[in-house]
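Please prepare a briefing on the structure shown below, with attention to strand pairing, charge pairs and surface charge.

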Amino acid sequence: MNKYIKQILRESLNYGSWHHKLCHVCRLKSIAINENKNYGILTEEEKRNKLGTLLLMVEKEIKVGDNLTKKLNSINSELAKKLLAFFNSDKIKDTAEIEYVDYDKNNEKLFTLGYTDKNGNNKTRLMKINKLLNYLGSSIDDIKDYEIEDLMSHLKKADTTQLKIVEGDDILWAYHCANYDEGETMGSCMRYDAAQEYLKIYTENPNEVKCLVLINPENNKVRGRALIWHMDNDQYFMDRVYTTNKEFNTFFNNYAEENGISKRVNSTVTLENGGVYDKYPYMDTFEYYDPETATLATSGGEGWIRLQDTSGGYSEPGVYIELGDHEGENVDEDEAYYLSYRTPDGYREGYAHQDDVVFLDSEAYLIDDCIKTYDHEWIYKHSDDSYPVELTTGRYEGEYAKLDDTVELEHNYYGEGQYITNEDDYVQLDDDIYEIPHAFTDDAVETYNEKTILKSDAITLYEPHYGEEAYAHPEEATKVDIKDYGEAWVLDYDLDEFQENGLIESNIGVMTENKKTIKKILRGK
């Protein structure tokens with residue numbers, strides 16, 4: 001449907017009566033001409049429903065409130081950008097009763113949806129982000145929990161009066177772990193006594209860098225901190241936020257928005273009291289420094305040093321590799337990836353060379369922590385979802401596969417823990433007989449009563465009655481003495497018939513009583 005028709009459809013909502021609205025829409029849509037003859041006999045509710053059906057032909061579009069637009073534009077995250085793009089798209093689910101969406105920081109649910117009910121009344125409803133996205137038809141499967149947590153920390157309201165700006169030597173107090181609330185570390189590598197002498201770039205340049213501190217009013221301890229930089233373009237930038245609890249991030253995000261402080265770097269910082277320092281702090285953002293010009297930046301060139309040493313030192317421009325086979329090397333930043341993931345021994349964090357890295361679901365892992373499967377797919381060794389299994393036999397013996405792509409073979413015949421892939425030639429054994437009901441096709445046979453069992457377990461039934469090569473599992477048959485024939489196997493459910501016909505010379509009662517013992521002997525041979 002072209003944009004002109006869509007607009008006319010929407011404008012039709014401004015007509016006086018529902019009869020006029022509906023008629024106006026129908027004049028545009030030839031498919032509804034015949035229905036136009038019957039409008040006079042429709043009730044008002046039926047007319048509204050008719051109009052609603054036609055309006056669903058227009059791709060769903062909603063108005064995004066100014067508050068929400070401004071808020072999402074101010075947040076430096078991919079999720080915020082995706083949300084704004086989705087809200088402004090024509091991909092909203094047609095069944096979603098919504099005309100506009102906006103942001104309300106004073107409400108716990110945060111998002112306000114506006115719509116018109118069946119009676120033409122303007123209504124609103126409140127939703128949290130997960131429910132909102134599901135309601136509008138956007139998949140939330142690919143959104144990680146931490147992304148939503150981060151976004152909500154920007155959206156929620158917080159009392160910023162608990163924050164204060166410190167500068168000079170007071171920054172040392174804000175950094176020292178002895179002053180942290182609840183004995184927390186906040187994940188900072190600059191929290192110890194030794195690091196106090198690394199922070200002179202901060203303490204000696206109060207005009208370029210200050211520290212925003214969140215204070216616990218009950219004990220005057222530090223709950224969080226973030227550096228505030230005065231950049232060369234005269235704008236302010238809030239650096240990485242460190243807190244004792246993620247929920248405190250909201251305080252810093254609100255403060256930045258209330259005070260026009262950016263969360264994006266768009267300039268350099270030139271220090272008033274720069275030059276060469278004896279020690280340097282570990283820099284989260286402005287990691288490159290030119291001592292000659294006293295300039296801090298997010299990238300550097302010849303003559304610059306890199307400030308990402310937790311021991312107060314520095315390295316040449318580029319990225320110092322901490323993990324993998326290239327450990328100790330300094331490489332171009334385009335050749336390095338920062339890793340951060342959990343292992344059974346703790347977190348793996350630091351930079352690795354691109355040659356030592358593989359990507360799984362867009363996250364970088366050391367090759368040494370991953371396994372390449374038989375079908376050339378990399379998986380994380382310690383993943384609970386794709387637990388890797390060594391293939392002990394079959395066409396891919398010695399290689400690995402995801403657990404879901406494997407088949408475990410029957411224990412008594414193959415031994416415990418024997419795995420093949422589901423691409424191997426295997427059959428499903430009878431699961432009433434076998435606890436692990438899988439075997440190679442060549443090792444199995446079909447019984448007289450159409451069950452699949454291991455060849456090694458198969459016995460041949462009494463040929464005159466069952467025919468040639470008729471097999472059964474010992475648990476379903478009994479060996480008896482057939483008159484004028486000798487010993488032979490007969491299916492248990494045929495024993496009565498054989499005895500009634502006088503074909504069995506053995507004492508069936510005794511044999512049945514001892515059947516379990518006989519089977520154990522047979523299975524043990």
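Strand β2 (residues 100-103) and strand β3 (residues 111-116) run antiparallel and are joined by four bridges, where strands are DSSP runs of E with at least two residues, helices are runs of H or I with at least four, both numbered from the N terminus, and two strands pair if DSSP finds at least two bridges between them. This is a predicted model, in which local features need pLDDT of at least 70 and side-chain atom pairs count only at pLDDT 80 or more, while totals for chains, interfaces and linings use all residues. Residues are numbered from 1 along each chain as its sequence is written, and side-chain values use heavy atoms, with hydrogens and water left out.

**Sheet**
- The open sheet has four strands in the order β1-β2-β3-β4, with mixed pairing; β1 (63-64) and β4 (122-127) stand at the edges with a single partner strand each, so one side of each is left without a neighbour in the sheet.
- Thr-112 in β3 stands opposite Asp-102 and also opposite Leu-126 in β4.
- β3 and β4 pair in the antiparallel sense over six bridges, and in their hairpin, which has five residues between the strands, Gly-120 takes a positive phi near 80 degrees.

**Salt bridges**
- The structure holds seven salt bridges, each defined as a side-chain nitrogen of Lys or Arg within 4 Å of a carboxyl oxygen of Asp or Glu.
- Asp-181 forms one of them with Arg-223, the closest N and O atoms being 3.3 Å apart; Asp-181 lies in the loop between α8 (170-175) and α9 (200-203) and Arg-223 in strand β7 (residues 221-230), so the pair ties together parts that are 42 residues apart in sequence.
- Asp-181 is buried at 3% relative accessible area, and Arg-223 is buried at 17%, where buried means under 20%, exposed over 50% and partly exposed in between (1.4 Å probe, protein chains only).
- Asp-369 and Arg-348 meet through their side chains in a salt bridge (2.9 Å, N to O), which links the loop between β19 (363-366) and β20 (370-372) to strand β17 (residues 346-353), 21 residues apart.
- Asp-369 counts as buried at 7% relative accessibility, whereas Arg-348 counts as partly exposed at 27%.

**Exposed loop residue**
- Asp-404, in the loop between β23 (400-402) and β24 (406-408), is exposed, with a relative accessible area of 64%.
- Asp-404 and Ser-386 are 18 residues apart in sequence and 7.3 Å apart in space, C-alpha to C-alpha.
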